[in-house]
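Please read this briefing alongside the sequence and the coordinates, taking the topics in the order in which they are grouped.

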Amino acid sequence: MIPTAAYFIVFILLGIVTASLGPTLPFLAEQTARELSEVSILFTMRSLGYMLGSFLGGRLYDRFRGHPIMAAALLAIGASLLLVPFSTTLWTLIAVLSITGAGEGVLDVGGNTLLSWQHRERVAPYMNGLHFFFGLGAFLFPVILAQLLGPEEDVSQAYWLMGLLAFPVALGIARVRSPSPQRDPADDGRIPRAHWGLIALLVLFFCLYVGGEVSYAGWVFTYAVEAGGAGSETAAYVTAVFWVSFTAARLISIPLGSWLRPGQILLIDVTGAVLSLAVLLVWPQDLRALWIASAGFGFFIASIFPTMITFAGRRMPVSGKVTGFFFLGATAGAMTLPWLIGQFFERVGPTFMMWALAADMLAVALVLAILLRRPVEAKP
């Protein structure tokens, strides 16, 4: 249980870091003297770094001890976050946050892969627990930000706090023994041809789902200000409501993972997420509707990612390489949809965000329907 506890602590910090960009985006735009449409490229570039980190991380974990790799990623994240307040041009901010994204990718793949190796066939409740702690960290950031924002609305202290927290966590994870890979002795590392069709569908699913999650979490702060007329502190708490419902749902999903099949949980989640967005489509400028939609959307999408990882693991062996493919798809979604919303947020209006999210989640529902109808393949 010591490695499991270490992963949970790492994912609290990962959640804090992941949730940091959206609420601070307007302040980073002011820091660099750029428009929102210009600084929205930060979503794409941080996700590009995340893609590189997840791609390389998936291969590193198959070859080397996992915990030193996670410690190195934490050190890179800590150093880059400390530099954010000093980055007064867009290009330096892009460079710094790309390093942050690469570290996030390495940590995310590592936590999911190493936890699967640690608990093997009994991983389901622990996987939900891991992602619960990610949600807990993501909930904490907007609350911390609301407390740290002074009259000058300076976000420097928030970035310095995150950066400093990464160093003791890195030291702690480096001192814990790494689990051994989950690999058949006869396995040569190649993925069977029969699994590539399933992998392609799963990658598409992660791409669409994560694009929706990151877009809502990243833009709801700005949406609350522009469409709902909220102040910065209220907008921070709207973001916190999204994350607290997200976190609560991941806590509830821990026992649900033992009672319901992954397909049943996914069907409930996607349906609830679409209905939550429908509330805001009907009342797009009502702040009360935004509170309701944020709570509902956060609640229903919370367990989709860990449940789909479990869904995949029951149909094929999930190695670090396979997990890396999943995260490549997730990163592609995190790169494209938030950036697309940024291009039209000011030009078309804030409601473009909700229509884009609704279309994205309907596509998620379609891919899920295909996956649920796909026959279960025999596991080697």
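Predicted model: local features only at pLDDT ≥ 70, side-chain atom pairs only at ≥ 80, totals over all residues.

Glu38 is partly exposed, with a relative accessible area of 33%, and its side chain takes part in a salt bridge with Arg34, in which the closest N and O atoms are 3.2 Å apart. Arg34 is likewise partly exposed, at a relative accessible area of 32%.

**Salt bridges**

- Side chains of opposite charge can pair when their charged atoms come close.
- Arg46 forms a salt bridge with Glu104, for which the separation of the closest N and O atoms is 3.5 Å.
- Because Arg46 belongs to helix H4 and Glu104 to helix H6 (residues 90-119), this pair ties together parts that are 58 residues apart in sequence.
- Both partners of that pair, Arg46 and Glu104, are buried, which means that each has under 20% relative accessible area.
- Asp286 and Arg288 also meet through their side chains in a salt bridge, with an N to O distance of 3.4 Å.
- Asp286 counts as partly exposed at 25% relative accessibility, whereas Arg288, with a relative accessible area of 63%, is exposed.

**A positive phi in a loop**

- Most residues other than glycine have a negative phi.
- Ala33, by contrast, has a phi near 60°, a positive value in a residue other than glycine.
- Ala33 sits in the loop between helix H2 (21-32) and helix H3 (36-39), and Ala33 is exposed, with a relative accessible area of 70%.

**Nonpolar surface patch**

- A nonpolar patch on the surface is formed by Leu52, Phe55, Leu56, Leu60 and Phe64, which together have about 460 Å² of accessible area.
- Leu60, one of the patch residues, is placed in helix H4 (residues 41-63).
- Leu60 is partly exposed, with a relative accessible area of 33%, and therefore passes the requirement of over 30% relative accessible area that applies to patch residues.

**Helix packing**

- Helix H11 (residues 262-282) and helix H15 (residues 351-373) have axes that come within 10 Å and cross at roughly 160°.
- That angle makes H11 roughly antiparallel to H15, because angles over 145 degrees are counted in this way.
- The crossing in which H11 passes H15 is left-handed.

Terms used. Residues numbered from 1 in each chain as written. Heavy atoms only, no water. Patch = residues over 30% accessible without salt bridge, like charges linked within 9 Å, V, L, I, M, F, W, Y side chains within 5 Å. Areas by Shrake-Rupley, 256 points an atom, 1.4 Å probe, with all protein chains shown as cover. Salt bridge = Lys/Arg side-chain N within 4 Å of Asp/Glu carboxyl O. Helix = DSSP H or I, 4+ residues; strand = E, 2+ residues; numbered from the N terminus. Buried < 20%, exposed > 50% of the residue type's maximum accessible area, 1.4 Å probe, protein only. Axes fitted to C-alpha atoms, helices over the stretch in contact; angles between N-to-C directions. Parallel < 35°, antiparallel > 145°, perpendicular 65-115°, else oblique. Left-handed = near helix turned anticlockwise from the far one by under 90°.
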